[in-house]
Amino acid sequence: MSAPITALIDGETVTAVAGEVWSALVGEEELLLPRAVPVDGPSSWVTVTGPWDGVVVLTCAASGTADLARSVLQLDDDEQPTAEDVDDVLRELANILGGNVKSLLPGPSALGLPETGPAPLRAEDEDTCRVSASWRGHDLAITIQGASEAPATTTTEVPK
Amino acid sequence: MKILVADDSRVMRQIVIRTLRQAGYDDVDVVEAEDGADCLAKVGSESPDLVLSDWNMPNMTGIECLRALRAQGSSVPFGFVTSEGSPEMRETASDAGALFLIAKPFTPDTFRDALDAVLA
């Protein structure tokens with residue numbers, strides 16, 4: 001069994017990875033501002049299977065998902081993305097975040113196909129690394145959590 | 001000049017095509033495939049000059065598609081555009097006959113660096 005995620009990666013690294021992904025996909029000038037708040041909303045995730053087993057989850061406040069899809073797809077401000085577009089954008093962001101996180105973990109390991117839905121979140125413990133941020137005033141969180149048994153939770157509260 | 005873009009995400013196909021245009025490949029024809037099996041079929045029917053494929057896809061993965069193409073005798077130039085860029089994956093891709101592996105997120109410069117030699 002691998003070390004817990006907190007021994008393999010830290011929040012600063014996850015924030016840096018997320019910043020690169022945001023800059024490339026959402027827009028060069030799009031900044032993620034650190035913001036330690038619980039985030040509730042639609043989630044997308046990918047599993048990582050290997051020496052470390054777990055999941056990389058992106059959770060975005062519902063208020064921001066359409067804006068996010070609009071930015072990634074470079075739609076006009078008055079264009080409304082379809083539900084399918086929003087779902088696809090969330091999945092692809094989780095896929096790329098997961099792929100980049102996976103490359104920083106012990107290998108070899110495999111990435112699953114991205115999924116969306118209610119966040120499969122677990123309570124904060126040593127096998128959970130969570131960062132939250134604000135993008136254009138919308139809260140979002142990235143959670144990297146192990147597959148080992150742990151109490152489930154419904155929020156993305158970042159520990160003080 | 002024709003490029004086949006294979007990715008199960010319609011959004012990512014759109015981003016790859018947009019990046020191709022931003023990298024200066026304005027005049028290439030682009031054909032899209034939804035997964036590895038679709039890609040395999042369209043290499044046969046569309047005769048592309050280059051395939052840009054995701055790795056992780058349902059039905060048939062990108063690496064399975066590449067191996068199937070080579071097993072059929074196809075030598076179509078093939079590159080990966082994928083969310084993972086570990087040394088092991090790059091080696092696996094190269095061993096199967098891929099020319100390059102572009103890791104997401106990417107920029108138009110990344111595309112130019114990988115594609116210029118292939119499309120020259």
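Tutor: First, what counts as one. A pocket here is an open set of grid points where a 1.4 Å probe fits, with protein on both sides within 12 Å along at least five of seven lines. A volume is the space filled by probe spheres set on the points. And keep in mind that this is a predicted model.

Student: Fine. What volume does the largest pocket have?

Tutor: About 330 Å³.

Student: How many residues line the largest pocket, and which lie nearest its centre?

Tutor: The lining has 16 residues. Nearest the centre are Ser23(A), Ala24(A), Gln22(B), Phe106(B) and Pro108(B).

Student: Which helices each supply at least two residues of that lining?

Tutor: Helix H1 (11-26) of chain A and helix H1 (10-22) of chain B. H1(A) gives the largest share, with 5 residues.

Student: And how do the lining residues of the largest pocket divide into nonpolar, polar and charged?

Tutor: There are 7 nonpolar, 6 polar and 3 charged residues.

Student: OK, the second largest pocket. How much space lies in there?

Tutor: About 250 Å³. Its lining has 16 residues. Lys102(A), Ser109(A), Glu84(B), Ser86(B) and Met89(B) lie nearest the centre of this second pocket.

Student: Which elements each supply at least two residues to the second largest pocket?

Tutor: Strand E4 (110-111) of chain A and helix H4 (87-96) of chain B. The largest share comes from H4(B), with 3 residues. By class, the lining of the second largest pocket has 8 nonpolar, 5 polar and 3 charged residues.

Student: Switching topic. What is the strand order in the chain B sheet?

Tutor: E2-E1-E3-E4-E5, an open sheet of 5 strands with parallel pairing.

Student: Why is one side of E2 and of E5 left without a neighbour in the sheet?

Tutor: Strand E2 (29-33) and strand E5 (100-103) of chain B stand at the edges, and each has a single partner strand, so one side of each lacks a neighbour in the sheet.

Student: By how many degrees are neighbouring strands turned against each other?

Tutor: On average 20°, direction ignored.

Student: What packs on the sheet?

Tutor: H1(B) does. This helix touches E1, E2, E3 and strand E4 (78-82) of chain B. The direction of H1(B) makes about 165° with that of E2(B).

Student: How many bridges join E1 to E3 in chain B?

Tutor: 4 bridges, between strand E1 (residues 2-6) and strand E3 (residues 50-53) of chain B, which run parallel. Within this part of the sheet, Ile3(B) stands opposite Leu50(B) in E3(B).

Student: Last topic, the backbone. Where are the cis peptide bonds you'd flag?

Tutor: One runs from Gly107(A) to Pro108(A), with omega near -5°. Pro108(A) sits in the loop between helix H3 (83-102) and E4 of chain A. Another joins Lys104(B) and Pro105(B), with omega about 0°. Pro105(B) is in the loop between E5 and helix H5 (108-119) of chain B.

Student: What phi does Arg136(A) have?

Tutor: A positive one, about 50°, although Arg136(A) is not a glycine. Arg136(A) is in the loop between strand E6 (128-135) and strand E7 (138-146) of chain A.

Key
Residues are numbered from 1 along each chain as its sequence is written. Chains are lettered from A and ligands numbered from 1 in the order in which they are written. This is a predicted model: local features need pLDDT of at least 70, side-chain atom pairs count only at pLDDT 80 or more; totals for chains, interfaces and linings use all residues. Side-chain values use heavy atoms; hydrogens and water are left out. On a 1 Å grid over the protein atoms alone, a cavity is a set of points where a 1.4 Å probe fits but cannot get out, and a pocket is an open set with protein on both sides within 12 Å along at least five of seven lines; lining residues have an atom within 4 Å of a point. Ala, Val, Leu, Ile, Met, Phe, Trp, Tyr, Cys and Pro count as nonpolar, Asp, Glu, Lys and Arg as charged, and the others, Gly among them, as polar. Two strands pair if DSSP finds at least two bridges between them. Axes are lines fitted to C-alpha atoms, for helices over the stretch in contact, and angles run from 0 to 180 degrees between N-to-C directions. Contact means heavy atoms within 4.5 Å.
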